[in-house]
Amino acid sequence: PLALQVKNKAPAEVQITAEQLLREAKERELELLPPPPQQKITDVEELNDYKLRKRKTFEDNIRKNRTVISNWIKYAQWEESLKEIQRARSIYERALDVDYRNVTLWLKYAEMEMKNRQVNHARNIWDRAITTLPRVNQFWYKYTYMEEMLGNVAGSRQVFERWMEWQPEEQAWHSYINFELRYKEVDRARTIYERYILSLLVIVHPDVKNWIKYARFEEKHSYFAHARKVYERAVEFFGEEHMDEHLYVAFAKFEENQKEFERVRVIYKYALDRIPKHEAQNLFKNYTIFEKKFGDRRGIEDIIVSKRRFQYEEEVKANPHNYDAWFDYLRLVESDADAETVREVYERAIANVPPIQEKRHWKRYIYLWINYALYEELEAKASKRTRQVYQACVELIPHKKFTFAKIWLLYAQFEIRQKNLPLARRALGTSIGKCPKNKLFKGYIELELQLREFDRCRKLYEKFLEFAPENCTSWIKFAELETILGDIDRARAIYELAIGQPRLDMPEVLWKSYIDFEIEQEEYEKTRNLYRRLLQRTQHVKVWISFAQFELSAGREESLSRCRQIYEEANKAMRNCEEKEERVMLLESWRNFEEEFGTDTTKERIDKLMPEKIKKRRKLQAEDGSDAGWEEYYDYIFPEDTANQPNLKLLAMAKLWKKQQQESEAAEMDPDKDIDESQS
C-alpha cells in the first residue's frame, strides 16, 4: 500500500508537552473508581476460586515491584486471616530473602507467631533477628519482654547477657538493672552496675550522670558505704581536668542526708576552689542553701557577697558609666560592708561624671549623690558628711544649663531635720537665684506655709509670678492663700492682675476660679460684671451656659427672667457663629431650662428656634490639590436664618411643590384608589 503523504507539515498551533501528558495521567489516577460489588461465597469451589484470584493479585503486585515490603506484609496478613499460617510463614521468608534489613518485616513476622501462640517459632525468629541486626534495640526489648511475660526469667536474663556483649546504649543497661530489681535480685543489679561502670563506661558512656545513678541505687537500698565509695571513685576518675558541678552537688547532698555536715562543707569548698565561677552557678546555689540550713549567718553572707562583688566589679570596669551596675553594687555593699567600704564605693561611683552636659545623661547619675547623702544621714548618722555631700553635688551641677530641683529640696529638708532653718532658707534662696524653676518655688512656698510664715509666702509668690506670670495655677494659689487669711480685697486684686496678663497658660481655669470666688463671697453683681468682661473676650457657648446657670442659681425673683434674657442674648450673639454645633448646644440647654421652668408659650417658642438637621455633600481635595472625591456631612438650618434669606424660602417652596406633584402623579397612576377613597 502507498504510504500516506502529509500535506501540512507545519507544527500544530497548540503544542502538548510531555509534562502535560504525565500530569493528566496522574490526575486520572485520582479519579474515584466505583467500588467492586459485594460477593457472597456459598460453597467451597467459589472460596477456592476467590483465594486463587486474590493470591494471583498479590503475586502480580510482588512480581511488579519486589522491593515494596508493604505488599509482602499485606499478602502475609491476608493469609494469616485465613488461618493459613504455613503459607504466611512462607511469604515472610520470601520477603526476608528480598530485604532482611527491614525492621518492620521482622516485627510483623514475630508478632504473627506470638499472636498464634507459636512460642518456639517466635523465639527462632527473634534469635535470627538479633543475630542478623544486633544494633536494633527494639528486637532485644521485644525478645526480653516476651520471655518475661512467659515467666522464663532465666531465658530473659540470658537474652540480656547476649545484649550486653554488644555494649548497647545506657538505657539498655538500666533496663537490665530494672529487670533484676523487679525480681529482688539486688546483688545481681550491683554486679551489672559494676560491669557497666568498669568495663563499658570508660569506652562508651563517660558521663557523670551514670556514676550518680549507680550511687543513688546503692543509697536507695541502704548501702551507704558503697554509695560513698562510688562517689569517691567518680571524683578520682574525672580528676581535676574534667570536673563537673553536678557530681559534687549530688555527693554533697548524699553526705547531707547522712548528717555529715563537715564532709559536705569540705566537698563544696573543694569544688568551688577548682571549678571556674561561670560553670559553678548551681554548685554555689546549693552551697548557699546548705549554709542557710546548717551554717552560721556570717559564713553564708561572706560567700554571697564575695561572689556578687566580683561580678559587679567586672561590670563597672567594663563600663564605668553604667550607673545601674553601680546602684546594684552599692546596694550589695550597704547590706554587708562597713561604712568606710561603702563610702569608698560611693566615691568611686560619683567620680564617673557624665561626659556630656545634657540633662538626660545626668538623670541616673544624680541619684548616686542622692543615695550617698541618704546613706550618710540615715545609716551612718553623719550629718556633717551629709551636708558636705549635698554641697559638693550642688557645686558640681552646671546650673547655667540645667538643674535638679529634687537636690535643692532634699538639701533644704535635711537642714530642717537638723533644725537649721536659716541654712534651709539660704539653700532654697540660692536655688531660686541661680536657676529658678516652678518646682523650687512651690517647694519653698510649701515649706513656709508649714512654718506659718505668711509674709514670706507672699514675697515668694510675688517672685514666682515675676518669674512665670503666665502660670495660672500660681495666681490661683496666691489668691486662695489671701482668701484663707481673710484678706478678700487682696485676693480680688490678685485675680484682677491675673486676668490682665497678656499671656496665660490656662485662662479658662483662672476665670472660673475668679467667678467661683465672687460667688462664694455672694457678690452677684460683681460676678455678672465678670461674666460680661469674659464675654467681651470670648463668645464660647460654655461661657453663655454658665452665665445662664449662674443667674438661675442666684435665687431671686427675677432669676428666671434674667436667665431667659441671657439665653436670648447668647442666641443673638451666636447667629454669626461658624460652629453651628455650639449654637445647637446652647438651644438644647435653653430648651431644658424652658421644659423645667417655662410656660407653654416659651416652650413653643424655643421649639420653633430648634434647627433642622440635613445631610449634605462637599468636595474633598488631596494634599497635592487633586480631587479626592466627595464626603457627606450633617448641617443645621435654623428657622431664624431661613426667614432672613429669601433663597432658602424659595427652596422650601420648591420642595413643597415637588412633593405635591409627586402625590398628584401617584393619584393618576392609581385611579381605583381614588374611587375607593371617594366611596369611603
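Leaving aside its neighbours within four places in sequence, which residues is Trp 326 in contact with? The legends below describe close-up views of a predicted model.

**View 1. Contacts of Trp 326.** Outside the four places on either side in sequence, Trp 326 is in contact with Val 316, Pro 320, Val 345, Arg 348, Ala 349, Asn 352 and Leu 368.

View 2. The largest nonpolar core has 92 residues. Those that touch the most other members are Trp 326, Ile 366, Leu 368 and Leu 510. In soluble globular proteins, nonpolar side chains tend to be buried together.

**View 3. Packing of helices H17 and H18.** Helix H17 spans residues 323-336 and helix H18 spans residues 339-350. Their axes are 9 Å apart and meet at an angle of about 170°. Because angles over 145 degrees count as roughly antiparallel, H17 and H18 are roughly antiparallel to each other. H17 contributes Trp 326, Tyr 329, Leu 330, Val 333 and Glu 334 to the contact. From H18 come Thr 341, Val 342, Val 345, Tyr 346, Arg 348 and Ala 349. By class, the residues of this contact are 8 nonpolar, 1 polar and 2 charged.

View 4. Glu 147 is part of helix H7, residues 137-149. With a relative accessible area of 2%, Glu 147 is buried. Neighbours within four places in sequence aside, Glu 147 is in contact with Arg 123, Asn 152, Gly 155 and Ser 156. Val 119 is 28 residues from Glu 147 in sequence, and the C-alpha to C-alpha distance between them is 9.5 Å.

Terms used:
Residues are numbered from 1 along each chain as its sequence is written. This is a predicted model: local features need pLDDT of at least 70, side-chain atom pairs count only at pLDDT 80 or more; totals for chains, interfaces and linings use all residues. Side-chain values use heavy atoms; hydrogens and water are left out. Axes are lines fitted to C-alpha atoms, for helices over the stretch in contact, and angles run from 0 to 180 degrees between N-to-C directions. Helices (H or I, at least four residues) and strands (E, at least two) are DSSP runs, numbered from the N terminus. Angles under 35 degrees count as roughly parallel, over 145 as roughly antiparallel, 65 to 115 as roughly perpendicular and the rest as oblique. Contact means heavy atoms within 4.5 Å. Ala, Val, Leu, Ile, Met, Phe, Trp, Tyr, Cys and Pro count as nonpolar, Asp, Glu, Lys and Arg as charged, and the others, Gly among them, as polar. A nonpolar core is a set of buried Ala, Val, Leu, Ile, Met, Phe, Trp, Tyr and Cys residues joined through side-chain atoms within 4.5 Å. Buried means under 20% relative accessible area, exposed over 50%, partly exposed in between (1.4 Å probe, protein chains only).
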